[in-house]
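Please review the following briefing alongside the sequence and the three-dimensional structure. It is arranged by topic.

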Amino acid sequence: MSDRSAPRPGARSAPAVLASMPWIVVLLGVGLLATLLVFALLSFREAEHRAAPEPAPPMYLPRMPSVTSSPTPAGDAPLLAVDATPSRTAGATATPSARASSRRPDATPSTGGPAPAGSGRMSAYYQTTSSDRDSFSAEVTVRNATGGAGEWQVELMFSGNVKSVRASSSSGVSVRTQGSGWFVLSGTSSLPAGETAVVSMTFGRNGSGDRPGQCTVNGAACTIG
């Protein structure tokens, strides 16, 4: 009868197995580290060979056209237009317009009466007939001494306190304003040679003063009485 306590052939004893376990752990760890290293190297090479991303397309901003302005010569400044419609009736009323011409006649009024017949020109005579606090009345007498029928136009320029005018004449007159205190009277028909036209006027004002600073007839100085 054989002894069962005897060791079998080829079998390792328990102490030998226990003694070899640390080396098995070391070998497994080394193998795991080698595997991780190989995986890291393959990942790094794959990242190197990966194509770089394509650049974004360029953006173009719209170009604004340049604007060139040329200076306006000082002498070419436009004049202000006058927007006034003359009346065709014997009596007329004018109020200052919002837009006025910047040109005024340069004539200086003279003293005395209208030019006598045969003097060869159109003349006018201005005189005040009455005056109160807010208004005054005046007359302009136009004489045609040219030897033929002709048109006439009288311009009266007061200070800014004269605001409005009403005018009437038996021969027909129209009136318009060129600005504050600047009034233009015109005959509605030609004045025969040797004849006179008398225009009666009533002015509205704020303040005092009943004589125009300038008076012209067809561009020539008229007489202020």
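A disulfide joins Cys-215 to Cys-222, with an S to S distance of 1.6 Å; the term denotes a pair of cysteine sulfur atoms within 2.5 Å. The model is predicted: local features need pLDDT of at least 70, side-chain atom pairs count only at pLDDT 80 or more, and totals for chains, interfaces and linings use all residues. Residues are numbered from 1 along each chain as its sequence is written, and side-chain values use heavy atoms, with hydrogens and water left out.

**Disulfide**

- By the distance rule, the count comes to one disulfide.
- Cys-215 counts as buried because its relative accessibility is 1%; buried means under 20% relative accessible area, exposed over 50%, and partly exposed in between, with a 1.4 Å probe and protein chains only.
- Cys-222 is also buried, at a relative accessible area of 0%.

**Overall architecture**

- The protein chain has one helix and eleven strands; these are DSSP runs numbered from the N terminus, helices being H or I with at least four residues and strands E with at least two.
- Along the sequence, the pattern reads α-β-β-β-β-β-β-β-β-β-β-β.
- Of the 225 residues of the protein chain, 27% count as buried.

**Five-stranded sheet**

- Five strands form an open sheet in the order β6-β7-β4-β9-β10, with antiparallel pairing; two strands pair if DSSP finds at least two bridges between them.
- The edge strands are β6 (173-179) and β10 (220-221), each of which pairs on one side only.
- Within this order, strand β4 (residues 153-157) and strand β9 (residues 214-217) run antiparallel and are joined by four bridges.
- Gly-187 is found in strand β7 (residues 182-187), and Gly-187 counts as buried at 13% relative accessibility.
- The C-alpha atoms of Gly-187 and Gly-150 are 9.7 Å apart in space, while the two residues are 37 residues apart in sequence.

**Pairings of strand β2**

- Strands of a sheet pair through backbone hydrogen bonds, either parallel or antiparallel.
- Strand β2 (residues 122-131) runs antiparallel to strand β3 (residues 135-144), and nine bridges join them.
- A hairpin of three residues connects β2 to β3.
- Met-122 stands opposite Asn-144 in β3.
- Strand β2 also runs parallel to strand β11 (residues 223-224), through two bridges.
- Ile-224 in β11 is the bridge partner of Tyr-126.

**Aromatic contacts**

- The structure holds six aromatic pairs; rings of Phe, Tyr and Trp (its six-membered ring) pair if their centres lie within 6.5 Å, and planes under 30 degrees apart count as stacked, over 60 as edge-to-face and the rest as tilted.
- One of these pairs is Phe-136 with Phe-203, which is stacked because the ring centres are 4.8 Å apart and the planes are at 15 degrees.
- Phe-136 lies in strand β3 and Phe-203 in strand β8 (residues 196-205), so the pair ties together parts that are 67 residues apart in sequence.
- Phe-136 is buried at 1% relative accessibility, and Phe-203 is buried with a relative accessible area of 1%.
- Tyr-126, Phe-136, Phe-158, Phe-183 and Phe-203 form one aromatic cluster.

**Salt bridge**

- The count comes to one salt bridge, defined as a side-chain nitrogen of Lys or Arg within 4 Å of a carboxyl oxygen of Asp or Glu.
- Arg-133 forms this salt bridge with Asp-134, their closest N and O atoms being 3.6 Å apart.
- Arg-133 is exposed, with a relative accessible area of 69%, whereas Asp-134 is partly exposed at 45%.

**Nonpolar surface patch**

- Met-21, Ile-24 and Leu-28 form a nonpolar patch on the surface, with about 310 Å² of accessible area together.
- Patches are made of residues with over 30% relative accessible area and no salt bridge; like charges are joined within 9 Å, and nonpolar side chains (Val, Leu, Ile, Met, Phe, Trp, Tyr) within 5 Å.
- Accessible areas come from the Shrake-Rupley method with a 1.4 Å probe, and for residues only the protein chains shown count as cover.
- Ile-24 is placed in helix α1 (residues 14-49) and is partly exposed, with a relative accessible area of 45%.
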